[in-house]
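Let's take a walk through this model, one contact at a time. Keep the viewer open and follow along.

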Amino acid sequence: MSGKNRLPVFPTRMTLQIMKNKLAGATKGHSLLKKKSDALSIRFRAILGKILEAKESMGGQMKTAQFSMVEARFAAGDFKQVVLEKARTATIKVRTNTDNVAGVTIPKFEQYSETGEDRDLLGIAKGGAALNQTRTAFSKALETLVLLASLQSAFVILDEVITLTNRRVNAIQHVVMPRLENTIDYIKSELDELEREEFFRLKKIQGKKKDRQRERDEL
């Protein structure tokens, strides 16, 4: 048997048992990795669908927010400097959590709000309703943007992990397992050959003993 696709081992029964154990471990590992890949693929497709929905929603929300900005400027004039003076600290922040999918840790961004000073007083003098509408529109767009960032981060990580996992599955299925199977077949064939040689050797020895015994009997 050619040694190109088998392990270089000495054919013994102990080696045969070791190779059988390795093959059993490789088979179990292949099954577990395949299940992991399937689970990740299901989550991957679900995230892809959510990303498409978020992008579609994002486009409409940004259009609404920009239109509200135009209306607010028309109603309240140039309020940029007023907003900058009152925006001492951020009222909308993002924190990072993690989620676990089949042993893979992916980031999860969550938006939360903190009450700011004098934000409700902005625009009371004129155009207050338009300014509040603009703030609400941009807040919704920001919420969708944070969700989209979380989904895309998970998408990229899962894509890399799925690719790596599938490579391992293919390597075990098409390289490791066939090599172990060929090694086992090689050891079995060599052991069978040794058993046949041993059988013929013993048979020949028995034949010689019988010949000697016959010679003694004739004397």
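By the ring rule used here, the count comes to one aromatic pair. The rule takes the rings of Phe, Tyr and Trp (for Trp, the six-membered ring) and pairs them if their centres lie within 6.5 Å; planes under 30 degrees apart count as stacked, over 60 as edge-to-face, and the rest as tilted. The partners are Phe44 and Phe155, which are stacked, with 4.5 Å centre to centre and 20° between the planes. Phe44 sits in helix H1 and Phe155 in helix H3, so the pair ties together parts that are 111 residues apart in sequence. Phe44 counts as buried at 16% relative accessibility, while Phe155, at 24%, is partly exposed. Here buried means under 20% relative accessible area, exposed means over 50%, and partly exposed is what falls in between (1.4 Å probe, protein chains only).

Before going further, a word on the ground rules. This is a predicted model, so to speak with conditions attached: local features need pLDDT of at least 70, side-chain atom pairs count only at pLDDT 80 or more, and totals for chains, interfaces and linings use all residues. Residues are numbered from 1 along each chain as its sequence is written, and side-chain values use heavy atoms, with hydrogens and water left out.

Now step back to the whole chain. It has three helices and two strands, running α-α-β-β-α from the N terminus on. These elements are DSSP runs numbered from the N terminus: helices are H or I with at least four residues, strands are E with at least two. Of the 219 residues, 25% count as buried. The chain exposes about 15400 Å², with carbon and sulfur atoms supplying 56% of it; the areas come from the Shrake-Rupley method with a 1.4 Å probe, and for residues only the protein chains shown count as cover. Among contacts (heavy atoms within 4.5 Å) with a separation of 6 or more, 79% are between residues 24 or more positions apart.

Met58 is in helix H1 and is buried, with a relative accessible area of 13%. Which residues does Met58 touch, leaving aside its neighbours within four places in sequence? They are Ala141, Thr144 and Leu145. The C-alpha atoms of Met58 and Thr144 are separated by 6.3 Å, though the two are 86 residues apart along the chain. Over in helix H3 you'll find Thr165, buried at 3% relative accessibility. With neighbours within four places set aside, Thr165 is in contact with Leu33, Lys36, Ser37 and Leu40.

Next, have a look at the loop between strand S1 (92-101) and S2, where Ala102 is found. Its phi is near 50°, a positive value in a residue other than glycine. Most residues other than glycine have a negative phi. Ala102 is partly exposed, with a relative accessible area of 37%.

Last stop: the second largest pocket, which holds about 210 Å³ of space. Of its 13 lining residues, the closest to the centre are Arg43, Asp99, Lys108, Ser150 and Leu151. Helix H1 (13-76), strand S2 (104-113) and helix H3 (128-218) are the elements that give two or more residues to the lining. A pocket is an open set of points on a 1 Å grid over the protein atoms alone, where a 1.4 Å probe fits, with protein on both sides within 12 Å along at least five of seven lines; lining residues have an atom within 4 Å of a point. The volume is the space filled by probe spheres set on the points.
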